[in-house]
Amino acid sequence: MNKDTRLSDVLHVLLHMAQVEEPLTSEVLAKSMGTNPAVLRRTMAGLRRAGQVRSGKGHGGGWQLAQPLGQITLLAVYEALDRPTLFAVGSRSEHSDCMIEKNVNAALADTMLRAESLLLDRFGQVTLDQLMPSQSTAISEDCGNKAPAERRKSGAS
């Protein structure tokens, strides 16, 4: 089964965005996410609606944080991404007459609901500034993408 990496990808991008003052283009950010600019724009649209990022068009345009990292929680980002599925465990059948299957489904559903509740509670406690490494540099070689760091050094927009 494929993993949904949007939350991880977006968190990575947001932390790098916090390290530069000028807007970063969809092309630059998409490259750091390993996707294309259209997918990045669709992904970032929810964050823009939630007021976490802003975007500008044309020369000098691009994406910027609209809030400090300390005001953005994992939960807020998760919700801005339309709450992607957290768990891949599901029930065998929803409409069985088998009492064993009904009991198994009920136990799984209750357990998953409780686990999701705990996870979302924790998401609400973690702000993005807590994820920033103590010694960070603008999008670095460690991230496999030198473009934003080079762009920042050159002053290009």
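At 61% relative accessibility, Asp-82 counts as exposed, since exposure is assigned to residues with over 50% relative accessible area. In this predicted model, Asp-82 lies in the loop that joins helix H4 (74-80) to helix H5 (99-125). The backbone of Asp-82 has a phi near 65°, which is a positive value in a residue other than glycine. Arg-83 is located in the loop between H4 and H5 as well. Its phi is also positive, at about 50°, although Arg-83 is not a glycine. Arg-83 has a relative accessibility of 39% and therefore counts as partly exposed, the category that lies between the limits of 20% and 50%.

The protein chain as a whole contains six helices and two strands. Read from the N terminus, the order of these elements is α-α-α-β-β-α-α-α. Of the 157 residues in the protein chain, 36% are buried. Among contacts with a separation of 6 or more, 67% are formed by residues 24 or more positions apart.

The packing of two of the helices was then examined. Two packed helices are described by the angle between their axes and the distance between the axes. For helix H2 (residues 26-33) and helix H3 (residues 37-49), the angle is about 95° and the axes are 8 Å apart. H2 and H3 are therefore roughly perpendicular to each other, because angles of 65 to 115 degrees are placed in that class. On the side of H2, the contact is made by Ser-26, Glu-27, Leu-29, Ala-30 and Met-33. These residues meet Pro-37, Leu-40 and Arg-41 in H3. By residue type, the contact of H2 with H3 consists of five nonpolar residues, one polar residue and two charged residues.

The largest pocket of the model has a volume of about 170 Å³. Its lining includes Thr-25, Ser-26, Arg-41 and Arg-48. Ser-55, Gly-56, Lys-57 and Gly-58 also belong to the lining, as do Gly-61, Gly-62 and Trp-63. At least two lining residues are supplied by each of H3, strand S1 (53-56) and strand S2 (62-65). In composition, the lining of the largest pocket divides into seven polar residues, three charged residues and one nonpolar residue. Ser-26 and Arg-41, which line this pocket, also take part in the contact of H2 with H3.

Conventions: Residues are numbered from 1 along each chain as its sequence is written. This is a predicted model: local features need pLDDT of at least 70, side-chain atom pairs count only at pLDDT 80 or more; totals for chains, interfaces and linings use all residues. Side-chain values use heavy atoms; hydrogens and water are left out. Axes are lines fitted to C-alpha atoms, for helices over the stretch in contact, and angles run from 0 to 180 degrees between N-to-C directions. Helices (H or I, at least four residues) and strands (E, at least two) are DSSP runs, numbered from the N terminus. Angles under 35 degrees count as roughly parallel, over 145 as roughly antiparallel, 65 to 115 as roughly perpendicular and the rest as oblique. Contact means heavy atoms within 4.5 Å. Ala, Val, Leu, Ile, Met, Phe, Trp, Tyr, Cys and Pro count as nonpolar, Asp, Glu, Lys and Arg as charged, and the others, Gly among them, as polar. Buried means under 20% relative accessible area, exposed over 50%, partly exposed in between (1.4 Å probe, protein chains only). On a 1 Å grid over the protein atoms alone, a cavity is a set of points where a 1.4 Å probe fits but cannot get out, and a pocket is an open set with protein on both sides within 12 Å along at least five of seven lines; lining residues have an atom within 4 Å of a point. Grid points are joined across faces, edges and corners, and a volume is the space filled by probe spheres set on the points.
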